[in-house]
Amino acid sequence: MQGVDKTSTIIMGNWRDSMFQDTIAAIATADAMGAISVIRISGSDAIQIVTDLTGKDLSDAKGYTIHYATIKEGNESVDEVLVSLFRAPKSYTGEDVVEISCHGGVYITRKVLSLILGAGARMARRGEFTERAFLSGKMDLSQAEGINDLIWAKDEINAKSAIHSLKGSVAKLMRSLEEDLTQIISNIEVNIDYPEYDDVHQLTEEEILPRAEKWIDDIHQIIVTAQQSAVIKEGINTVILGRPNVGKSSLLNALLEEDKAIVTDVAGTTRDLVEGTVRLSGITLNLIDTAGIRKSDDAIEQIGITKSLQALEKAQLVIVVLDGSEELTEEDQELLEKTKNYNRIVVYNKKDKDSVHAGISISAIQKDITELTNAIVEKYQSEYIAANSDTLNNERQIGYALQAEQAMREAVNALHAGMELDLVTIDLEKAWTALRQITGKAGKEDLLDEIFSRFCLGK
């Protein structure tokens, strides 16, 4: 919505009004056999549609009440249901909402939905109930995203983060940044447009710069925390590398606590990538066991080695496995050189055969890998702490924060170059707009409203 003009705003408003004239319906529970299914209806005709289908007059029923009813097709009973009633504006979407709890058979659920659609509702689009909640002002965009994140959460950290978003953690995080930036812009605008007001504090470049630079520091820290958090929430793409027969597949099996990779004494057994996911003290590793890296004339093994090197390019963590019972070979040295610029952990396997090296020692075959798992958890402690804090939660939010940071940096550069303040405000407004996009708020018109709302009454 950045740069939305008045005409676009009117068109968008008309579109929203038109959309809200529709009554929508959808199955809110899984489309499978179960004890109960819930069908949600939202819109101005929701209550009337249910009244028509049940013969039970709900026109005067209070919100937040539950009613026993029978869904009928003509004179035939289809199902006995419970009808939960939520009246506007105190509902999820801000509209009249009815939720029908029917028996959970697939046929019955779809039959009831078809009758609702036949009575005047239309099938809701994916996410449309939450979209209406956002457009009705029931939640901001970050809260709406939190709902979807909660549904898809695959572990405790992602679930907690989603719940924090639902409670408005992102908006709270942005509030002080938004307030500081608005204050800077509003004071500049007042000085530019109303210089006759002697009581308005005249901002100088020396006063603006410290504020702006602190603002950059603050948002940069938020971005860093969000990026660290994303590593934990999305899982760390981890590649296990080593020459053949050093125990890479045994290590994968030990981490996964299952025999997923074939383990033999024959070098080069692993010819393709073997993948799995493991969680260590809240840290998720997306593991890839690779073909042993060595010089080989075997065409199939060469393909596997090529895939291993391609996986290395995308790795966020590399576990280099060496045979701790032997001196390092030329291939080991080459592998250490190849991975020296990667985020890596070097481990010496086969400590059950008396390792001759100092460092992290494991015995993958005996599933004795505590030293390695401890090293991984320790390595990602700061990211783990970030993931458990209130922060930005996805690439869209981080992207707008980066835009805001860049715009402010351009404003600071302009100040250092001695440009006029009215030109500096162009970059400041870009930063403000990008910041507001994180929670889905509007553009420049809202900025003007915010600025002039700070004036004294009658001014």
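In which strand does I66 lie? Select I66 and you will find that I66 belongs to strand β3, residues 65–73, where a strand is a DSSP run of E with at least two residues, a helix is a run of H or I with at least four, and both are numbered from the N terminus.

Before going on, note that this is a predicted model, in which local features need pLDDT of at least 70 and side-chain atom pairs count only at pLDDT 80 or more, while totals for chains, interfaces and linings use all residues. Residues are numbered from 1 along each chain as its sequence is written, and side-chain values use heavy atoms, with hydrogens and water left out.

Stay with I66, which counts as exposed because its relative accessibility is 58% (exposed means over 50%, buried under 20%, and partly exposed in between, with a 1.4 Å probe and protein chains only).

Next, select α4, residues 128–135, which is mostly covered, since six of its eight residues are buried; these are E128, F129, T130, R132, A133 and L135. Just after α4, click on G137, which takes a positive phi of about 80°.

Finally, select β1 (24–27), α4 and α5 (141–152), each of which supplies at least two residues to the lining of the largest pocket (a pocket is an open set of points on a 1 Å grid over the protein atoms alone, where a 1.4 Å probe fits, with protein on both sides within 12 Å along at least five of seven lines, and lining residues have an atom within 4 Å of a point). The largest share of this lining, seven residues, comes from α5.
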